[in-house]
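Please look over the sequence and the model below before reading on. The paragraphs after it are meant to be read with the structure open beside them.

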Amino acid sequence: MTAMTSTQTPPAASLHTPVIGWFEQHARDLPWRRPEAGAWSVMVSEFMLQQTPVSRVLPVYEQWLARWPRPADLAAEAPGEAVRAWGRLGYPRRALRLHGAAQAITERHGGDVPSEHAQLLALPGIGEYTAAAVASFAYGQRHAVLDTNVRRVFARAASGVQYPPNATTAAERKLARALLPEEDERAARWAAATMELGALVCTARNEDCDRCPIASRCAWRLAGKPPHQGPPRKGQTYAGTDRQVRGRLLAVLRDSVSPVAQAALDAVWEEPVQRARALDGLVADGLVEPLADGRYRLPLS
């Protein structure tokens, strides 16, 4: 994959004003962006939005915050209740991680989501991206927030390539830091704006350059939109995978207020070897608790 040279990369300052100005006019009205949304609301949204579209997150997010408006409210419940409330968002280990973070926030920080980046990063289930996102979006701090959408915008606008690498690289982090505005508040706005630009305009497929506020400065567009030269980008499959089986097994457990017999789980998937493998995986991940009598339930501890 051939990157554009530094002389072809647009100056950072020339990107800030048009992108932030576009965001001010076109940003979606999302509940975690509203003035009344606190740091816990931002954190919950960040956990839920990983690999999940906004349309699927919104109803679950609203129900979650209504039930658990503070970290201590969630921490007081069994982790299985977090898995139950997660519904069909997918990747349910995120629910357990969010529950673990709520417990740590309650125990270490008096129930308030910490504002320091290092303290956020020290919470269980919080990685580099989530710590930066919460510090930036909830507390207006200056951090490079690199999700898939932002990485794609930077790859095209600054590096002149269609897609970023499969995993975040040191070069991407360096570029993201170089593109950050100096002022904290403006940097936080830039983080949100570039993320929204990637979600709505500079999309993975069918990008809408006519609507892009920096199309005239975009290195990839100016180079003639050279096609991706890296490893093939494989779409995610779901039907017939262990993920699908796990989802069906969890659905049975979420819908039952009492432990579930093996026969009820057997009924949701015919193939016994894959079904057993999926159930073993759920147990190993702490999402399902086997009981001595052969029944199963969502975890209580």
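Predicted model: local features only at pLDDT ≥ 70, side-chain atom pairs only at ≥ 80, totals over all residues.

Residues are numbered from 1 along each chain as its sequence is written, and side-chain values use heavy atoms, with hydrogens and water left out.

The chain has 15 helices and two strands, where helices (H or I, at least four residues) and strands (E, at least two) are DSSP runs numbered from the N terminus. Its radius of gyration is 21 Å, close to the 19 Å that the globule rule gives for 301 residues, so the chain is as compact as a globular protein of that length; the radius is taken over C-alpha atoms, and the rule is 2.2 Å times the number of residues to the power 0.38. Along its principal axes, the C-alpha trace spans about 70 × 45 × 30 Å. Of the 301 residues, 46% are buried, a word that means under 20% relative accessible area, with exposed meaning over 50% and partly exposed in between (1.4 Å probe, protein chains only).

A search of the whole structure finds four aromatic pairs. Rings of Phe, Tyr and Trp (its six-membered ring) pair if their centres lie within 6.5 Å, and planes under 30 degrees apart count as stacked, over 60 as edge-to-face and the rest as tilted.

Trp64 lies in helix H3 and Trp86 in helix H5 (residues 79-86), so the pair ties together parts that are 22 residues apart in sequence. Both Trp64 and Trp86 are buried, and together with Trp68 they form one aromatic cluster.

Which residues lie nearest the centre of the second largest pocket? They are Leu89, Gly90, Tyr91, Pro92 and Arg243, among the 21 residues that line it. A pocket here is, on a 1 Å grid over the protein atoms alone, an open set of points where a 1.4 Å probe fits, with protein on both sides within 12 Å along at least five of seven lines, and lining residues have an atom within 4 Å of a point. Helix H6 (93-109) and helix H13 (242-254) each supply at least two residues of this lining, and H13 gives the most, with five.

The charged end of Arg243 sits over the ring of Tyr91, 4.4 Å from its centre, the criterion being that NZ of Lys or CZ of Arg is within 6 Å of the ring centre and within 35 degrees of the ring normal. Tyr91 is placed in the loop between H5 and H6, is partly exposed with a relative accessible area of 25%, and has a positive phi of about 45° although it is not a glycine. Asn206, another residue other than glycine, has a positive phi near 55°; Asn206 is in the loop between helix H11 (184-200) and helix H12 (219-222) and is exposed, with a relative accessible area of 72%.
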